[in-house]
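The sequence and the structure come first.

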Amino acid sequence: MSADTDGAAVGWKRAADTGLTFRRITDADLPFLARLYASTRTEELAAAPWSEDQKAAFLDMQFRAQHAHYQQYYPTAYWLVTMRAGENIGRLYLDRWPSEHCIIDIAFLPDHRGTGLGGALIRDLLDEAAAAGKAMSIHVEKFNPAMRLYRRLGFVTEEDKGVYDLMRWRATADAQVKIA
């Protein structure tokens with residue numbers, strides 16, 4: 001994938017049709033990525049008896065730890081900022097292993113969740129995995145609203161990892177028909 005590209009350039013037609021474009025992350029994206037990460041934890045931290053400064057410090061620490069972990073343990077992954085109309089709206093971290101493709105992380109800013117963008121992108125990723133004859137895996141927090149989407153697309157829980165479920169989708173002969 002080149003530095004800046006639309007979904008169609010990498011075969012992600014549905015994503016391209018929704019106006020999504022992608023580019024590799026740079027260090028300049030870290031503030032955006034930290035804000036995106038924090039937006040995924042808002043509900044979880046709402047009940048915490050911490051000040052806003054304490055919550056912000058916690059989220060910053062957690063983001064930095066997650067980012068370092070991902071960079072260390074997924075050295076061959078694609079680290080992409082997801083954009084629409086030139087605006088950064090999300091991230092897609094994807095690794096393509098010999099045996100399967102792994103969505104390390106996919107997230108959108110709150111205004112872009114539940115709009116079909118993630119579904120379009122994941123369907124494209126499933127098509128790509130199916131064409132390669134590979135499965136697709138993702139770790140999903142048990143109470144993540146996107147869990148319904150993953151199940152609808154054919155992901156099944158294969159392992160309880162505590163807070164997360166390891167979910168896997170396996171290509172079948174009619175996989176592209178099922179996810180169309």
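Which residues in H2 meet which residues in H4? Leu30, Leu33, Ala34, Tyr37 and Ala38 of H2 meet Leu59, Gln62, Phe63, Gln66 and His67 of H4, where contact means heavy atoms within 4.5 Å.

The model is predicted: local features need pLDDT of at least 70, side-chain atom pairs count only at pLDDT 80 or more, and totals for chains, interfaces and linings use all residues. Residues are numbered from 1 along each chain as its sequence is written, and side-chain values use heavy atoms, with hydrogens and water left out.

**Helix H2 and its surroundings**

Helices (H or I, at least four residues) and strands (E, at least two) are DSSP runs, numbered from the N terminus. Two packed helices are described by the angle between their axes and the distance between the axes. For helix H2 (residues 30-40) and helix H4 (residues 52-73), the angle is about 110° and the axes are 9 Å apart. The axes are lines fitted to C-alpha atoms, for helices over the stretch in contact, and angles run from 0 to 180 degrees between N-to-C directions. H2 and H4 are therefore roughly perpendicular to each other, a term for angles of 65 to 115 degrees. The crossing of H2 past H4 is right-handed, a term used if the near helix is turned clockwise from the far one by less than a right angle.

The buried residues of H2 are Phe32, Leu33, Ala34, Leu36, Tyr37 and Ser39. Buried means under 20% relative accessible area, exposed over 50%, and partly exposed in between (1.4 Å probe, protein chains only). The cover over these buried residues includes helix H3 (42-46), H4, strand S3 (78-84), strand S4 (87-96) and strand S5 (100-108).

Ser39 lies in helix H2 and has a relative accessible area of 13%. The side chain of Ser39 makes a polar contact with the side chain of Arg113 at 2.7 Å. A polar contact is a pair of N or O atoms within 3.5 Å; within protein, one must be able to donate a hydrogen and the other to accept it, and residues adjacent in sequence count only if both atoms are side-chain atoms. Leaving aside neighbours within four places in sequence, Ser39 is in contact with Phe108, Leu109, Pro110 and Arg113.

**Salt bridges**

A salt bridge is a side-chain nitrogen of Lys or Arg within 4 Å of a carboxyl oxygen of Asp or Glu. The count by this rule is 15.

| Pair | Closest N and O atoms |
|---|---|
| Lys13 and Asp17 | 3.0 Å |
| Asp165 and Lys142 | 2.4 Å |
| Arg170 and Glu158 | 2.9 Å |

Lys13 and Asp17 both lie in helix H1 (residues 13-17), four residues apart, about one turn of the helix. Both Lys13 and Asp17 are exposed.

Asp165 is buried, at 8% relative accessible area, whereas Lys142 is partly exposed at 28%.

Arg170 forms a salt bridge with Glu158. Arg170 is in the loop between S8 and helix H7 (175-179) and Glu158 is in strand S7 (residues 156-161), so this pair ties together parts that are twelve residues apart in sequence. Arg170 is partly exposed at 49%, and Glu158 is partly exposed at 35%. Salt bridges link Glu100, Glu158, Arg168 and Arg170 in a network.

**Other residues**

Arg23, in strand S2 (residues 20-24), counts as buried at 15% relative accessibility. The side chain of Arg23 makes a polar contact of 3.2 Å with the side chain of Asn88.

Ile104 is in strand S5 and is buried at 9%. Not counting residues up to four places away in sequence, Ile104 touches Tyr70, Tyr74, Ala77, Trp79, Tyr93, Leu94 and Asp95. From C-alpha to C-alpha, Ile104 and Ile138 are 6.3 Å apart in space, while being 34 residues apart in sequence.

Ala85, in the loop between S3 and S4, is exposed at 79% relative accessibility. Phi of Ala85 is near 55°, a positive value in a residue other than glycine.

Note on methods:
Angles under 35 degrees count as roughly parallel, over 145 as roughly antiparallel, 65 to 115 as roughly perpendicular and the rest as oblique.
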